[in-house]
Amino acid sequence: MLERQIICCSCKYTKNFQEVFLDLSLNMTSRDQVTPNRLHDPLDQSEPKSRPMRSGFNKKVPNIKLNEQIELYDCISEFFKTDTLDSHNKYYCHKCENLTIAQMRFRVKQLPRILIIHMKRFTPYGTRIGNALNFDEEI
């Protein structure tokens, strides 16, 4: 079970959406792109630090060096970071009855028996990311 949680920054109203999942589609992320405050355990229930929302064509092209190994754990950490919904991505809070800045994050409530991990190996502009992906036998 994957939970998407949205927290209004104005009134702290929290909306939870739960969905069954069998796979995760992860962006290829190098260690240089994952800052220390971004590395956290996806099962951790504490309040994570936030970051700007990733959306559509505003995505930055990954700055991955050729032949640099990419760690699967970094890609998973990137997926589970808290996003800030602001500017053009504001959240409509039903309690405030207004468009507000909000925090959105994903949490794993229950893992599927078999998890499929899909790596997004292309940038938003169609350039292939051919770097090796490093991962342990057991995750």
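**Group meeting: cores, salt bridges and confidence**

Let's start inside. The largest nonpolar core has 15 residues, and Leu2, Leu24, Leu26, Phe79, Phe80 and Met119 touch the most other members. Which elements supply at least two residues each to this core? They are β3 (23–27), α1 (72–79) and β9. The helix α1 gives the most, with four residues.

One caution before I go on. This is a predicted model.

Stay with Met119 for a moment. What does Met119 contact, leaving aside neighbours within four places in sequence? The list is Leu26, Asn27, Met28, Leu72, Cys75 and Leu133. Leu26 is also among the core residues that touch the most other members, as is Met119 itself.

Now the overall layout. The protein has one helix and 11 strands.

On to charges. Side chains of opposite charge can pair when their charged atoms come close. How many salt bridges are there in this model? The count is two.

Take Arg107 and Glu3. Their side chains meet in a salt bridge, at 2.7 Å from N to O. Where do the partners sit? Arg107 is in strand β9, residues 102–108, and Glu3 is in strand β1, residues 2–8. They are 104 residues apart, so this pair links distant parts of the chain. Are Arg107 and Glu3 buried or exposed? Both are buried.

The other pair is Lys81 with Glu78. Here the closest N and O atoms are 2.5 Å apart. Lys81 and Glu78 are buried too.

Next, the surface. The protein exposes about 9300 Å², and carbon and sulfur atoms supply 51% of that. Of its 139 residues, 35% count as buried.

Last, confidence. The average pLDDT is 79, and 73% of the residues score at least 70. Another is residues 48–61, where pLDDT stays under 50. For that stretch the model has 29 contacts beyond four places in sequence.

That's the tour. Over to you.

Methods. Residues are numbered from 1 along each chain as its sequence is written. This is a predicted model: local features need pLDDT of at least 70, side-chain atom pairs count only at pLDDT 80 or more; totals for chains, interfaces and linings use all residues. Side-chain values use heavy atoms; hydrogens and water are left out. pLDDT is the predictor's confidence in each residue, from 0 to 100. Contact means heavy atoms within 4.5 Å. A salt bridge is a side-chain nitrogen of Lys or Arg within 4 Å of a carboxyl oxygen of Asp or Glu. Buried means under 20% relative accessible area, exposed over 50%, partly exposed in between (1.4 Å probe, protein chains only). Accessible areas come from the Shrake-Rupley method with a 1.4 Å probe; for residues, only the protein chains shown count as cover. A nonpolar core is a set of buried Ala, Val, Leu, Ile, Met, Phe, Trp, Tyr and Cys residues joined through side-chain atoms within 4.5 Å.
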